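Please keep the sequence and the coordinates in view while reading.

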Amino acid sequence: MGEREKGTAGGAAIGAIGGAVISSATGGKAGTGALIGGALGAVAGNVWSKRMEDKRRAMEQATAGTGVQVTRTADNQLQVNVPSDISFDVGRSAIRPELRPVLDKFAAGLDSSAMQVQIVGHTDATGSDAINNPLSVDRAASVKDYLVTRGVAAGRISTDGRGSHQPIADNSTDDGRARNRRVEIFLAEKQG
């Protein structure tokens, strides 16, 4: 089952359950409420998934060949993982020249959609929290600042730093530490 079909099925299931519960609680027939809720949920799930799937494909094409990975999260956001070998030098928050073309393509791929952007910086575990926590925040801020210079509205972007607290690899090896020095970019539809 593709992402669009999963979104449709998920929306239908949630809508059916919600419709049945609401109908029962308000004195209506649970079966009728489930059918109506399921149909509405399927439409909403399909629209959400198609929009996000189209954006995922656009981001994959924009960053093809760069080592950047674009994935869908469990909460229907797109996650863009920027590898350390093109992003930052050890202990630094200045964007490396190799990252600029990737961010240029990323910014162009955002177009004028209502996507909200969250940038999360990470470090390896070689330094203390007093060093790593601000460094991870500074890395996220550097990416935000660069995207703003490329036309992405600052109000669409939030930043956060996680220091060394969310490793994706073993910090006892050089390769693991390198993988943990990263920036993650999350895209989500603007709510409300």
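In which hand of crossing, left-handed or right-handed, does α4 pass α5? The crossing of α4 past α5 is right-handed, a crossing being left-handed if the near helix is turned anticlockwise from the far one by less than a right angle, and right-handed if clockwise. On the α4 side the contact (heavy atoms within 4.5 Å) involves R100, L103, D104, F106 and A107, and on the α5 side V143, Y146 and L147.

This is a predicted model, in which local features need pLDDT of at least 70 and side-chain atom pairs count only at pLDDT 80 or more, while totals for chains, interfaces and linings use all residues. Residues are numbered from 1 along each chain as its sequence is written, and side-chain values use heavy atoms, with hydrogens and water left out.

Helices here are DSSP runs of H or I with at least four residues, and strands are runs of E with at least two, numbered from the N terminus; the protein has 6 helices and 5 strands.

| Property of α4 and its packing | Value |
|---|---|
| Residues of α4 | 99-110 |
| First to last C-alpha of α4 | 17 Å |
| Angle between α4 and α5 | about 60 degrees |
| Distance between the axes of α4 and α5 | 10 Å |

The two helices are therefore oblique to each other, a class that holds the angles left over once those under 35 degrees (roughly parallel), over 145 (roughly antiparallel) and 65 to 115 (roughly perpendicular) are set aside.

Within α4, the residues L99, V102, L103, F106, A107, G109 and L110 are buried, that is, under 20% relative accessible area with a 1.4 Å probe and protein chains only. Viewed down the axis of α4, these buried residues fall within an arc of 160 degrees, so they line one face of the helix.

Key
The expected span of a helix is 1.5 Å times one less than its number of residues. Buried means under 20% relative accessible area, exposed over 50%, partly exposed in between (1.4 Å probe, protein chains only). The arc is that of the directions from the helix axis to the C-beta atoms. Axes are lines fitted to C-alpha atoms, for helices over the stretch in contact, and angles run from 0 to 180 degrees between N-to-C directions.
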